[in-house]
Amino acid sequence: MNTIYLDHAATSPIHPQVIEVMTEAMKLEYGNPSSIHAIGRSARRVLDESRTTLAKSIGAKFSEIIFTSGGTEADNLAIIGSAMANRDKGNHIITTKLEHHAVLHSCQYLEKQGFDVTYLSPDEHGVISVESVRGALRSDTILVTIMYGNNEVGAIQPMKDIAAVVANHQALLHTDAVQAFGAIQIDITDIQVDMLSVSSHKINGPKGIGFLYVRTGTKLLPVSFGGEQELKRRAGTENLPAIVGFAEACRIAINSITERKEQYLTYKKRFVEILKHENIEYYINGNLETGLPHVLNISFPGTDVESLLVNLDIEGIAVSSGSACTAGSIEPSHVLVAMFGNKSERIRNSIRFSFGLGNDIEHITIAAEKTAAIVKRLRN
Ligand code: PMP
């Protein structure tokens, strides 16, 4: 039985073109980009080209991209690095209850270091209001960190309006764009964020590589020390094959945003049509039309997430539970709890279906029919 992989928001298969360019880079570009001989210069050229591609994809400058080991390190560097560097201006940070643990745990670490963190609540669609950001800003706020697109329910935040509010304040604005990058257009010349985190493995690139965009002039302390790579903000020899693959994955993703958006909307509609046709009771978490195109989060009242996951796995459907980013977790998702409260009947029976490379409408039809059959069985 072939598995139908509907867990692309967790991680995604590597695109064949990406494997090709990575293999070439592994064979040929073994030099250290910091070496001045020809082999080193060749590696430097390839590194520079990749950085240019990635910078251009969000409207950034070449020198504003710092490679990291992924979204987690980018979030850690942005939050801890900027909080520590700007402590003389205040000790207040604003974030949301929707964030990934890479952000939440960084904030919790900072709380232990004496920082004061405000956690904003979303509405029942998973959206943070601009007014709540405005209301939380204080004279001692130094950082606002708000996720661009949510990994569990797909909610997209009004980043442009949030950025406009924060722009009138001393605070820096960071956004975790790990799920949004490559799924929707992001232009930092239009949305004035100071820092933005991206990860490669969500867009059919290799794992263990990402970047942090840091606007020129932003004060940031490094969280790793050593050589002078990455503008003295992150030390260590760059993972060149991964960076080359990341840039190729970025090119492919950016060129297909519109096409994939339409395709995934069709998938979502088909999925829901089948659930309706089978008379399944369900709730959509997040907004099907306006959320991240690849994420479909559905609660099935009267079931429990563990049984759903096990049964879907037996049927060859690979998906995640609501609390998608806590390894193996079947705990109620902190995102759904933030949206609906901890008594809601939705929070213990939600499944995230997420679409990507290799999926087709046939997969979606099979997955929806099997899901409907499992839900019926579990309710009996
Ligand atoms: N932020 C979000 C929104 C994510 O979905 C993820 C990946 N689950 C991360 C951060 C962490 O990224 P990485 O796996 O590259 O460390």
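This is a predicted model: local features need pLDDT of at least 70, side-chain atom pairs count only at pLDDT 80 or more; totals for chains, interfaces and linings use all residues.
Me: Which residues of α4 are buried?

Reply: Count neighbours. A residue is buried if 20 or more other C-beta atoms lie within 10 Å of its own. In α4 that gives Ala-102, Val-103, Leu-104, Ser-106, Cys-107 and Leu-110.

Me: How much confidence does the predictor report, and what is the mean pLDDT?

Reply: Where pLDDT is low, coordinates should not be read in detail. Here the mean for the protein is 95, and 97% of its residues reach 70 or more. For the complex, the ipTM is 0.99 and the pTM is 0.96.

Me: Now the ligand. How many residues surround it, and which are the closest?

Reply: The shell holds 15 residues. Gly-70, Gly-71, Thr-72, Asn-151 and Ser-199 are the closest. Helix α3, residues 71–85, gives the largest share, three residues. By type, the shell has four nonpolar, nine polar and two charged residues.

Me: How do I read the faces of strand β2, residues 65–68?

Reply: Side chains in a regular strand alternate between the two faces of the sheet. In β2, Ile-65 and Phe-67 lie on one side, Ile-66 and Thr-68 on the other. All four are buried, so both faces are covered.

Me: Which strand pairs with β2, and in what sense?

Reply: Strand β8, residues 210–214, pairs with β2 in the antiparallel sense, over four bridges. Thr-68 has Gly-210 of β8 as its bridge partner.

Me: Is Ser-307 buried, exposed or partly exposed?

Reply: Ser-307 has 15 C-beta neighbours inside 10 Å, so it counts as partly exposed. Ser-307 sits in helix α9, residues 305–314. Gly-291 is 16 residues away along the chain, and the two C-alpha atoms are 27 Å apart.

Me: In what order do the strands of the open four-strand sheet run?

Reply: The order is β9-β10-β13-β12, with antiparallel pairing. β9 (283–285) and β12 (320–321) are the edges, each pairing on one side only. Two bridges join β12 to β13, residues 350–354. Ser-321 has Ile-351 of β13 as its bridge partner.

Notes
Residues are numbered from 1 along each chain as its sequence is written. A residue is near a molecule or strand if its C-beta atom, placed from the backbone, lies within 6 Å of it. Ala, Val, Leu, Ile, Met, Phe, Trp, Tyr, Cys and Pro count as nonpolar, Asp, Glu, Lys and Arg as charged, and the others, Gly among them, as polar. A residue is buried if 20 or more other C-beta atoms lie within 10 Å of its own, exposed if 12 or fewer, and partly exposed in between; C-beta atoms are placed from the backbone. pLDDT is the predictor's confidence in each residue, from 0 to 100. Two strands pair if DSSP finds at least two bridges between them.
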